[in-house]
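Thanks for asking me to look this over. Here are my notes, point by point, to read with the viewer open.

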Amino acid sequence: MKTWFYTRRGIVKAVNGVDFDLRQGECLCLVGESGCGKSVTALSLLRLFDSPPGKIVSGKVMFAGIDLANCPVEQVRRVRGKEIAMVFQNAQSALNPVFTIGDQIMEQINAHGRYNRADARKKARLLLEEMNIPQAENALNMYPHQMSGGMKQRAMIAMGLSCDPSILIADEPTTAVDVTIRAQIMFILQELKTRRNMSIIFITHDLSLVREIGDRAAVIYGGRVVEIAPVETILTDPAHPYTRGLIACLPDISTNLKRLPSIPGNTPNPIDLPEGCTFHPRCRDVMDVCRSTEPALVNIAGVHKVACHLYDNAGAFIA
Amino acid sequence: MRSYIIKRLLYSVIIAWGILTITFILLRVGPTSPVDRYILNIAAKGQDVESVRQAIEARYGLDKPIIEQYLLYMGNLLQGKWGWSFSASQPVMELIGSHWIYSFQLILLATIFAIILGVGLGILSAVNQNTKIDYATSIFSFIGISIPGFWLGLMLILVFAVYLGVFKTFYDTSYPIWSLENLRQLIMPVLALGTGELAGYVRYTRSAMLDNLRKEFVTTARAKGLSERTVIGKHVLRNAVLPLVTIIMFDLGSIVFGGAYLTEIVFGIPGLGQVSFNAIFANDYAVVIAVTLIGTFMVLFINLATDLIYTYLDPRIRYD
């Protein structure tokens, strides 16, 4: 899939060839640095980006036989919140400040089904209880500013779950909260996966969270998936030079480093992506072919796919 | 909350008292006197001017020192006596009582007209940002802001009353207030008074809506599967309305004190604007002070109401 934004300064190729599948009950992590296109990927799944300037220029989003990328908006709307729910990064700004939490949850329940007020309220209360929010009945009447950051984030997840979606997209749900709340939220998400057999798309730049919750991970760079594999493989046997760089940057408590390693250079500007492989200006293993030709995503070992010229079309390591 | 309201009401009384005192003094330091009008008539009839002046001044207490006059006035006011209108020859409250409705209907209708159309066009403009609809609305509102109400009033009279003959050139008080004819003859005055406000509201609504359209909670609302109508009409509008309330209430003050006066004079509507206009030229102290005081209380009340509406509209605002 490709989602481009047509701006005055040029075409921003935020998503420029992201391709993945998601299985029932699986947690797929989208990993990448800020600005690599992982959030726009998530927004594109439900066509939630601003349009114009944004446009899905090619690709499909297949869900239960419907192509969400090309069907009428009204059809996407019925999937939003009901079949595929989304939890955003910053609950503080993602919740509407002038409505109570209860109103905001009940609104979603009523958008996709017919409930009377008492039933909707009860459902909302049970959801908050499931999220371990104390005094749930009370919390329904609270405005976002009256809640703590962790409570807001959990209320947001409760809202996401209100219509029993089959897929939950969590866009960096732990970035804006502190470590203890982060642990709570990760625990909740893991429980959901096992108890509700829900599929989760978990977007993060934090590899330690990937290890905690992910079944598979897709590494995104410059708007493209450069590597996709089971989490274990990604962490122990990364194939793409970029992934290897990322793993090398993980601080290890057992070694005593003076300086934390980093990948030299910056993420590419999506208005002006490098020719060929978008990673080549920063790659240690750069070859001539990388500067001119974009590598295709090839299968190197069963479920392990990588987009890099170090591997030939059959997936064998050449260099 | 209750103590806040009581505190604000006390402040209002103090402010009103200050304005009353200033108005009282300003009216007295001028070189003219309400007696002047009588004198002109009397001099023409060849009577003794000086003795008549003394008689009148003694009758209304105008010969007493200004401090004493002030204390007397305040004392009467506290007993609910608003004084006597020299020029209308009736008690001030009777005069105001028979004219306020003309101002009230004009201000009310013009405000409703400006709010409904202004906010509506503003939303339309924001939702269709950078389209022809947006540009057309913007051009209309810039023109509307630039035209003074009294000039627009005169032009309306010229075109629709003089050339086309659709309306009468003057306001006809023989129609009852609650009649269609009365409503019809208010169309031009309401347009003259409301267009400027309307144009302003379009701009403010547009920018408040655009500000909030870009907020994250709008994406959340869409992600919940709400219809675009609910997203815009509920989530965005409810947040955009906050700054709008400030502007609208603020404008109401300037309509009460400025716009409505001029409009009444242009269209010959016998409202409080015209009453005070006449009273100022006749040096009719009591009327001028009473109208000023009523306007002051209106504005103070509007301000308090604004603050209270805030707490309802934005749960984050609390006065303790």
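1. A word on pairing before anything else: two strands are taken to pair if DSSP finds at least two bridges between them. Please also keep in mind that this is a predicted model.

2. Which residue stands opposite Val306(A) in E13(A)? The residue is Glu227(A).

3. On to the sheet as a whole. Chain A has an open sheet of eight strands with mixed pairing, and its order reads E7-E8-E9-E3-E10-E11-E13-E12. Strand E7 (84–87) and strand E12 (298–301) of chain A each have a single partner strand and stand at the edges, so one side of each is left without a neighbour in the sheet. From one strand to the next, the twist averages 20 degrees.

4. Strand E11 of chain A spans residues 224–230 and is mostly covered, with six of its seven residues buried. Strand E10 (residues 216–221) of chain A runs antiparallel to E11(A), and six bridges join them. Within that pairing, Tyr221(A) has Arg224(A) in E11(A) as its bridge partner.

5. The connection between these strands is worth a look on screen. E10(A) and E11(A) form a hairpin with two residues between them. In the turn, Gly222(A) has a positive phi of about 55 degrees.

6. Now for a parallel pair. Strand E8 (residues 167–171) and strand E9 (residues 199–204) of chain A run parallel and are joined by five bridges. Here Ile167(A) stands opposite Ser199(A) in E9(A).

7. If you check backbone torsions, please include Asp164(A), a residue other than glycine whose phi is positive, near 50 degrees. Asp164(A) lies in the loop between helix H7 (149–161) and E8 of chain A.

8. Ser89(B) is not a glycine, yet its phi is positive at about 55 degrees. Where is Ser89(B) found? Its place is the loop between strand E1 (84–85) and strand E2 (90–91) of chain B. Ser89(B) counts as exposed because it has 8 C-beta neighbours inside 10 Å.

Technical notes:
Residues are numbered from 1 along each chain as its sequence is written. Chains are lettered from A and ligands numbered from 1 in the order in which they are written. This is a predicted model: local features need pLDDT of at least 70, side-chain atom pairs count only at pLDDT 80 or more; totals for chains, interfaces and linings use all residues. Helices (H or I, at least four residues) and strands (E, at least two) are DSSP runs, numbered from the N terminus. Axes are lines fitted to C-alpha atoms, for helices over the stretch in contact, and angles run from 0 to 180 degrees between N-to-C directions. A residue is buried if 20 or more other C-beta atoms lie within 10 Å of its own, exposed if 12 or fewer, and partly exposed in between; C-beta atoms are placed from the backbone.
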